[in-house]
Amino acid sequence: MFESLSDKLDAALKNVKGEGRINDLNIAETMREIRRALLDADVNYDVAREFTNKVKEKVTDESVLNAVSPGQQFVKAVYDELVFLLGDVHIDLNTPKKPPMVILIAGLQGSGKTTFTGKLAKYLKSKGRSPMLAAADVYRPAAVDQLETLASQVGVPVFSIRGEDGVPLKDAVEVARRAKDEARRTGRDTLIIDTAGRLHVDEAMMKEVVEIKGAVEPDEILFVVDAMTGQDAVNTAKAFNDQLNVDGVVLTKLDGDTRGGAALSIRSVVQKPIKFASTGEKLDALTEFYPDRMAQRILGMGDVVSFVEKAQEQFDEEEAEKLQRKFRTQDFDLQDFYDQLQKIKNMGSIKDLIGMIPGVGKVMKDIDVEDDAFKHIEALVQSMTPYERANPDQINGSRRRRIAAGAGMEVQDVNGLLKQFREMKKMMKTMSRLSGKGRQASLSDLQRARGRR
Ligand SMILES: Nc1nc2c(ncn2[C@@H]2O[C@H](COP(=O)(O)OP(=O)(O)OP(=O)(O)O)[C@@H](O)[C@H]2O)c(=O)[nH]1
Ligand SMILES: [Mg+2]
């Protein structure tokens, strides 16, 4: 599912993923590749253009967090936009007005309506409801048989009207209306109505479903669409929605080799939520549709996304600016250093964090990194007084001896920490001067800075 789109997005983002600095050139190039990936996946042209415009706006925004590299922020922006495109949040079925809850299933021929009707019955049954199915596809006897087979597998009743010869009564509206009465009479709290599909959107079919809608006043109208049909799916969805004002969309055959265009365009073109995704012929191949989970599957890179999310939780922008100011003015002290260490620790284990650095994860997978790599530093800072933390330069010999003893370490450990801290401060000053506001310095900046000293 979506494999080629995933691969192409991955390739497009590869160039910026680990970058310490993004510039107009690599932004433009990456945007072009992302747009091409979307168009190749058969995403609607306007949707693809808006997508890239919004990502670009986000990554060129000055307020990029310091804790993550701009490249990582880029990946996160693409992810966020994918989630938004897919509908942002999961939308449940409507809450029924009064029982029985009536759900009307509509869609083109072969889109998977009947199969979905069976799956939905099973799903609702597992949620404690007692569904009944209505066979309102009355044109082919085989259609009623198919629904009956599915129903017996799920263990729910089917309402149909057949003549003595076994031929269904050719009045879908009447079947639907009487099915609702029957559901009410037999105490079923949910009625799912399977309807006939046509090869193309045509007037007779639309007229029939619109009449069924009028006769049973459904709580929920679900439009079923084959995800493999690409842009056609979007056009059909529009046509159905214009006539029926549907409540939700069901994407089927996502297990097939779909390019993904339908999934990505439907929501923003039709403005109706995707509520379920169907991924196989078996009755339990049905999932509630969650935009964030789908975006994760399309983009992969869940590691980078969650890294940026964690960083966003731990470091707010205001604080980041304050820190930057401190770097520049050399006010950064041991207390600030200690606080930052705590935040990094809160983001997860050191090994996990290292694993999230793009390109590093695989290499470091088998290398043991001690989670308490910072333990010694922490112990030393903890045994300092607030005055000492704020004024590392004032820590003289006797203070060093006391700190070392307090932490259960040697004076040379204190010397080492203070030396490291002085060097770090020097480097931070250079970096913050070079990189301007809000951006991390790139590797080449650093090398240049080193060379100059
Ligand atoms: N691989 C796969 N096949 C599916 C899925 N959903 C349905 N199918 C298959 O698609 C074919 C058509 O499914 P139906 O449920 O009969 O479609 P329909 O919309 O009821 O078709 P009509 O009643 O003829 O309009 C069947 O062979 C199903 O087994 C799915 O999610 N994945
Ligand atoms: Mg059918």
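Which residue in β5 is the bridge partner of L104? It is I221. The model is predicted: local features need pLDDT of at least 70, side-chain atom pairs need 80 or more, and totals for chains, interfaces and linings use all residues. Residues count from 1 along each chain as written, chains are lettered from A and ligands numbered from 1 in written order, and side-chain values use heavy atoms, without hydrogens or water.

View 1. Eight strands form an open sheet with mixed pairing. Their order is β3-β2-β4-β1-β5-β6-β7-β8. Strands are DSSP E runs of at least two residues, and helices are H or I runs of at least four. β3 (158–159) and β8 (286–288) stand at the edges. Each has a single partner strand, so one side of each is left without a neighbour in the sheet.

**View 2. Strands β1 and β5.** β1 covers residues 101–107, and β5 covers residues 220–226. The two pair in the parallel sense over five bridges; pairing takes at least two DSSP bridges. L104 and I221 are bridge partners here.

**View 3. Two helices on the sheet.** Helix α7 (residues 172–185) packs on the sheet. α7 touches β1, β2 (131–136), β3 and β4 (190–195), with contact meaning heavy atoms within 4.5 Å. The direction of α7 makes about 165 degrees with that of β2. Helix α10 (residues 261–270) lies across β5, β6 (248–252) and β7 (274–278). α10 runs at about 175 degrees to β6. Angles go from 0 to 180 degrees between N-to-C directions of lines fitted to C-alpha atoms.

**View 4. Around ligand 1.** Ligand 1 is surrounded by 19 residues, each with a heavy atom within 4 Å of it. The closest are K113, T114, T115, D255 and E281. Helix α5 (residues 113–126) gives the most to this shell, with four residues.

View 5. Most residues other than glycine have a negative phi, and most peptide bonds are trans. P99 and P100 are joined by a cis peptide bond, with omega about -5 degrees. P100 sits in the loop between α4 (70–85) and β1. E217 is not glycine, yet its phi is positive, near 45 degrees. E217 lies in the loop between α8 (203–216) and β5.
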